[in-house]
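This report describes a protein structure for a reader who is new to the subject. Please keep the sequence and the model in view while reading.

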Amino acid sequence: MAVLLGTTVYQPRVLLRVLSVRSPHMVWPLLELLEGLLLEFRFFSSSARANQRQTSHSPLLHPDQIRTDLQRDHATTSDDEALLCSICANLNFYQIFLEGIPETEDIPLDYLSSILKKSYQCSFCRLISFHVRRTWMLDKFPHVDISGIECRMFTKHCGCLQLATYPPSKFRCHRLHITMEGIEDLWKRYPAFRIASALNIHLMQEDAFKFGRPADLHCRRMKNTVDIKMVKKWIKLCHKSHGDICKSFLRIGEHDNRKLPGFVRVVDVVLMAVVPAPPGCRYVALSYIWGGIGAEYWTTKDNIAERGTPGGLNTAKLPDTITDSILFVRQLGERYIWIDTLCIIQDNSQDKFAQINNMDLVYGLSYLTIIAAGGTTARDPLPGCRPQTRTQQHIEVVQGLHLYAAPPRLKEALTLSAWNTRCWTYQECALSRRRIYFTGQQVYFECQFDVLCEDVIAESKCDSTSFLKLSRAEYFPQSLDPFTSYLAAVRQCTRRNLTVESDIVDALTGVTNALAKAFGLGDPDRAFRYGMMLTDLHHSLLWQHHPHTPRTRRSLPDGCSLPWPSWSWATWHGAVNYVSEHRYLVTHPEDAWLVNEFEFAKPSVVEMFVDPWYIVDHGGIIVQLDVRRDSRRVVLIRETERKVSTYSSPRGIIDPTEMTPDSHRALNPGTLIFRTTSSHFAIARRRGEESNASIHHGLFNILSGSSPPIWVGTAVLPLDAALPTSLEFIVLSRTSLNDGYDIERFEYYNECLLYVMAVSQNGGLMERVGLGIIHEAAWIASGMEEKVVFLR
């Protein structure tokens, strides 16, 4: 096989060497043009024998036969040996794939900069180079210094095949894992490079027989377009193997007899019309990015009648993501698809409100949800739905083995996508029972139990420990505790982007509706307000601003003239956290507060001091909230016998005469009213706290009134505004902290710290400033004052 360039005929390898000297910039583009032809040629010449003797579960081969086959392959692939650098040529890849390399014994390969230079002459270096160029986007960052990054290699398990006729030790499949040592320094200098990741290199299925293994858990060759038969097989496997497990999240509330409301529309892909969803119909839903493109394809009051007639939906006006989704649904043999811009009348506020408030049903009852994670706007095609719309596999022959530079697994692939940065897409994914993800490299399938993809053979029952299951995209709810699932959703959504900031509550309504129905929290409109979980208010009030987020209010929704309450995270722009009470006791804030954010830590409340709670509703009427209470009896364990006072919260129904602030100001909707105690304490920025323009919230010591003042607690407060030297605090609840400690005057005992909210006051009305913890003894000694709080 040769290449004609000008008037000279070159062998491909010689041509690459010539170009590396004369025109280095042409090497990589030419590689991508030639690699498909070269690899297919090698594949058919070296693996025809494998295809003749291999079945999906071939019997074990005798070791002598395996060695004979390998010797024959090595003899016919001498060119491949020549296409290795000196470092890679000294590696025994057969032995590595057979026995594996522990992470503690990882092998140094070379510096990344050197590997990139050798990629034109070494097939294994080329695999690494392909991954780096594909995922790091080095062409966009030509001046990045990667000289200090060293590549090292060990193996990871792909899973263990379990068949009665196969010894487990023989079927522990390995993949090569290439790490980049020193990349952390690159992250610090170039934050955009946090997307840079390790590389996994897999063995292709045609070489499985060389190790006496069936093809399961090895990689297969992908087609230029999505294999529809394979997708149908995935769905069939889910139906057959998982049964009720893969009903939607709302399976917890099956007694509700859930069904789509009559006003929900779907696209009939046979009639090409927007029609009312037939009762009990099976339909597919679409999750994608609008991308700010024009409204010429939306359904409006002017065209809804025309689109309701057969043939009334003109595909010529639709963007590629939507037309490809319609095509894909037809290929699956389904008839209906729900697409927001076509099924919601976009210029009818009543229709939009009704539809948005039923997203839990629209996505929760969908048979399958298409996730368009490969584009940045609706104009982009679904990768793989049509030819030449996705990146092709990169396979190299190394020492007679066909090796494949695998794309990121599902969770990482989504992390790299623009789709994953949009707030609306979170609930669309979380609420769906089955999801098919279109990415730039391949299609993934995910249900409540399994993860499958085009490039890995993982459909066989003999695979019981597939590594693919470790890369789930979303699992909702995350526990049987509704608040744990709620806080996970809040963390996710507040880190994502919205074109219209005031959409933050609407973009989470599907999740909050689902939680209310599934966990029996009552009417969703009463259980959640302003995005806050009112049924668990003792916990939901304990949110914190992300330290890198300025304390600025979100813009208000259209038609809303009154500000949202300060106690709701939805009022404020940017990411928020629910963090453990241990956060306040760290001694190295840079390490513990800013970097390691305890993403899955939940604030713990063991005693609730406020009861009852009231709120001013949208009509200006004061109503009592139905807040769940923990009936656990608090037992305080002290290390000494000395008598220590215990805080006792004020109780009792608030008299109607106390429901008005002293200023007699009208109370805005959303004002919380409750009885508690308050006190004033001096505050001081904690020593050692980093001063950085990007940090907008920091740790402050709460100090006693004694001389000299001593630490009695910690609060997280905003740094953007000049704070007074002392603040008013109100007590909320008791933490479960088991690491309380004695600072000279305070006795050690479990659960000795109280949650307090820092507040500012104007005309008898309070606003949230920050949150913290304080030692119980200090609170009692401070001369606390009982009062009715109006928190707006």
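## Overall picture

Among contacts in the protein between residues at least 6 apart in sequence, what percentage join residues at least 24 apart? The share is 73%, where contact means heavy atoms within 4.5 Å.

The model is predicted, so local features need pLDDT of at least 70 and side-chain atom pairs count only at pLDDT 80 or more, while totals for chains, interfaces and linings use all residues. Residues are numbered from 1 along each chain as its sequence is written, and side-chain values use heavy atoms, with hydrogens and water left out.

The protein has 23 helices and 30 strands; these are DSSP runs numbered from the N terminus, with helices being H or I of at least four residues and strands being E of at least two. Of the 792 residues, 57% are buried. Here buried means under 20% relative accessible area, exposed means over 50%, and partly exposed lies in between (1.4 Å probe, protein chains only). The protein exposes about 33,800 Å², and carbon and sulfur atoms supply 53% of that area; accessible areas come from the Shrake-Rupley method with a 1.4 Å probe, and for residues only the protein chains shown count as cover.

## Aromatic pairs

Rings of Phe, Tyr and Trp (its six-membered ring) pair if their centres lie within 6.5 Å; planes under 30 degrees apart count as stacked, over 60 as edge-to-face and the rest as tilted. By this rule there are 16 aromatic pairs. Phe 609 and Tyr 647 form an edge-to-face pair, 4.8 Å centre to centre with 75° between the planes. Phe 609 lies in the loop between β21 (605-608) and β22 (614-616) and Tyr 647 in the loop between β23 (622-624) and β24 (672-685), so the pair ties together parts that are 38 residues apart in sequence. Both Phe 609 and Tyr 647 are buried.

Trp 613 and Phe 674 form a tilted pair, with centres 4.7 Å apart and 45° between the planes. Because Trp 613 lies in the loop between β21 and β22 and Phe 674 in strand β24, this pair ties together parts that are 61 residues apart in sequence. Trp 613 and Phe 674 are both buried.

## Helix α18

Helix α18 (residues 482-494) has 13 residues and should span 18 Å at 1.5 Å a residue; its end C-alpha atoms are 18 Å apart, which agrees. The expected span is 1.5 Å times one less than the number of residues.

Eleven of the 13 residues of α18 are buried, and the helix is mostly covered.

## Charges over rings

A charge sits over a ring if NZ of Lys or CZ of Arg is within 6 Å of the ring centre and within 35 degrees of the ring normal. The charged end of Arg 175 sits over the ring of Phe 467, 4.3 Å from its centre. For Arg 282, the charged end sits over the ring of Tyr 367, 4.1 Å from its centre.

## Cysteines

The structure holds zero disulfides, a disulfide being a pair of cysteine sulfur atoms within 2.5 Å. For Cys 85, the nearest cysteine sulfur is that of Cys 88, 3.5 Å away. Cys 85 is buried, with a relative accessible area of 6%, whereas Cys 560 counts as partly exposed at 28% relative accessibility.
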